[in-house]
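Visitor: I'd like to learn how to read helix packing and ligand shells in a model. Could you walk me through one?

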Amino acid sequence: MSNSERKRNPSNTIHKQLIIGAGFVGLGMAQALKEGGIAYDQVDASDDLGGNWHHGVYETAHIISSRKVTEFSCFPMPESYPDFPSRENMRDYIHSFAEHFDLRSHVELNRQVVRVLPVEDNLWQVSFDNGEERLYKGVVMCNGHHWCKRFPEFEGKFDGEIIHSKDYKKPQQLQNKKVLVIGGGNSACDIASEAARVGSKCTLSMRDSVWFIPKTFMGIPVADLGKKGKTPAWYQRLMTYILIRLTFGQHETYGMPKPKHRIYDRHPTINNEVPYYIKHGRIIYKPGVHRLDGKSVEFTDGSRDEFDLIVCATGYYVAYPFLPPELQRVKGSVVQCYGDSFLDDYKGLAYIGWYQPRSGIGSVLGAFAPIFARYLKLQDEINIPLGLVLKEIGKKPRQTHLIDPNDIYQEVEQAERNFDKIAQQASQIDAKYPNFHNQPLAKSNNI
Ligand SMILES: Cc1cc2nc3c(=O)[nH]c(=O)nc-3n(C[C@H](O)[C@H](O)[C@H](O)COP(=O)(O)OP(=O)(O)OC[C@H]3O[C@@H](n4cnc5c(N)ncnc54)[C@H](O)[C@@H]3O)c2cc1C
Ligand SMILES: NC(=O)c1ccc[n+]([C@@H]2O[C@H](COP(=O)([O-])OP(=O)(O)OC[C@H]3O[C@@H](n4cnc5c(N)ncnc54)[C@H](OP(=O)(O)O)[C@@H]3O)[C@@H](O)[C@H]2O)c1
């Protein structure tokens, strides 16, 4: 390390990875890196661990994925937890996971990363909100993907209050109000159900209706009914369709059209309450919004109604605000990377947890994190980016962010089984590019 480098990087972090984020995913990755003997630092912008489950979700949230598929298999949730743990349960679980694996002491809280740039010697320069700069060998980005609000655009202007579902925190915000919720995902359905309980009126507008998948069937969480192992998509759709019909019947009986998309072509909406409240007249279903006009909203079927509050539960963008434009490799909601993390033209940058598996986060991450740690070690043995190796051995970026978790389990199993072969191929491919190095970017290129 040169003198000037030592000055820029007094904490000597160039042999370490930096994990950005200490939510569910960041802590899961930290545990895998620790287990793999990989040196790392970890930071989170927030004042405590837990990400969304500490600061991001409404206070009445209960998970839709079951306890069993959401916990890490290496650290089960307490038996006393219900099948669908609450936000507090989730936060406490993440905290005890961190205590159990002694992860907390490695996390610097209230430390926001504002910029990540590739610099000379294949290092990454990381700038923090307090002005500090450090150099790292690699950056593992676990900054979460349910925070960058996607707002719809409508003709006209609304004179009442409009918020995004991210800004909905407690039922009092809906109390005694005429509420319009826009969207058909799990946020929209949770918030509409709460408005049905505490609001003076609730309308739920969906531009395409959705398949409501029940949370349980015969008392068992639906998420726990599937077997681990690859089942053809058509079979999964058929089984789910049968389950939906047996639980709710047909859409028409709720005054809704049948969805235009096939089951699982969208992220599943797992909810029993909306069909229940529609039947009780507490939720009124409407198609898409056509235009806004003062306190009125006109829907695409020509009907109109007045509202005090509109909640846009219209989802999120996948975003890396601290990266320069050259490294914002997101197309739609899909990061253009290999092995779900790595680039083919830069080494040391990993995009983690950006996809949307139809399962709980723990089971998927628990499978993925150990192989990711092995890949990080393999990266140390070669000069070229691991993404280039994966590309050359035939891997492709994903087509969609919606993922059958069984695909991940299968891909991980395959990678574990063939790891020695992949390592061998990596050194052969490495030899083809003797002069590779990350291209530094001008500082002015940044955000
Ligand atoms: C209402 C709601 C309900 C959900 N229900 C379920 C469910 O039932 N099952 C399920 O599996 N998942 C569910 N999810 C998805 C949820 O996002 C994941 O469970 C989990 O929180 C993802 O973890 P994460 O670590 O990727 O992201 P987050 O929990 O968002 O954590 C990311 C962390 O990174 C930090 N960070 C971000 N940017 C920076 C920066 N620049 N510098 C430093 N730190 C930074 C943030 O402060 C945060 O702590 C739900 C999400 C929502 C919104
Ligand atoms: N209780 C829970 O566990 C719970 C609760 C909330 C959220 N979550 C999770 O959190 C994540 C985010 O969920 P989310 O519901 O916030 O987002 P989401 O799943 O992305 O759903 C967004 C919804 O908004 C609609 N939409 C998007 N743009 C629109 C527009 N311009 N006009 C009208 N409608 C529009 C989408 O419709 P199209 O499909 O037509 O695009 C979709 O129905 C998911 O993983 C979800 O499972 C879980």
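Guide: Let's start with handedness: a crossing is right-handed if the near helix is turned clockwise from the far one by less than a right angle, and left-handed if anticlockwise. This is a predicted model, and in it the crossing of H2 and H9 is right-handed.

Visitor: At what angle do H2 and H9 pack, and how far apart are their axes?

Guide: The angle between H2 (residues 24-35) and H9 (residues 361-381) is about 35°, and the axes lie 9 Å apart. On the H2 side, the contact includes Phe-24, Gly-28, Met-29 and Ala-32. H9 brings, among others, Leu-365, Gly-366, Ala-369 and Pro-370.

Visitor: What classes of residue make up the contact of H2 with H9?

Guide: Eleven are nonpolar, two polar and one charged.

Visitor: Now for helix geometry. Where in H9 does a kink lie?

Guide: Look at Ala-369, shortly before the proline Pro-370: the kink there is about 25°. Even so, end to end, the 21 residues of H9 reach 30 Å from first C-alpha to last, close to the 30 Å expected. After H7 comes Gly-249, with a positive phi near 80°.

Visitor: On to the ligands. Which residues come nearest to ligand 1?

Guide: Gly-21, Gly-23, Gly-51, Ile-63 and Gly-144, out of 33 residues around ligand 1. H2 turns up again here: H2 and helix H3 (52-56) each supply at least two residues of that shell. By class, the shell has 16 nonpolar, 16 polar and one charged.

Visitor: And which helix gives the largest share of the shell around ligand 2?

Guide: That's H6 (residues 186-198), with four residues. The shell around ligand 2 has 24 residues, and Pro-152, Gly-183, Gly-185, Ser-187 and Gly-315 come nearest. Its classes are seven nonpolar, twelve polar and five charged.

Methods. Residues are numbered from 1 along each chain as its sequence is written. Chains are lettered from A and ligands numbered from 1 in the order in which they are written. This is a predicted model: local features need pLDDT of at least 70, side-chain atom pairs count only at pLDDT 80 or more; totals for chains, interfaces and linings use all residues. Axes are lines fitted to C-alpha atoms, for helices over the stretch in contact, and angles run from 0 to 180 degrees between N-to-C directions. Two residues are in contact if their C-beta atoms, placed from the backbone, lie within 7 Å. Ala, Val, Leu, Ile, Met, Phe, Trp, Tyr, Cys and Pro count as nonpolar, Asp, Glu, Lys and Arg as charged, and the others, Gly among them, as polar. The expected span of a helix is 1.5 Å times one less than its number of residues. The bend at a residue is the angle between axes fitted to the seven residues ending there and the seven starting there. A residue is near a molecule or strand if its C-beta atom, placed from the backbone, lies within 6 Å of it.
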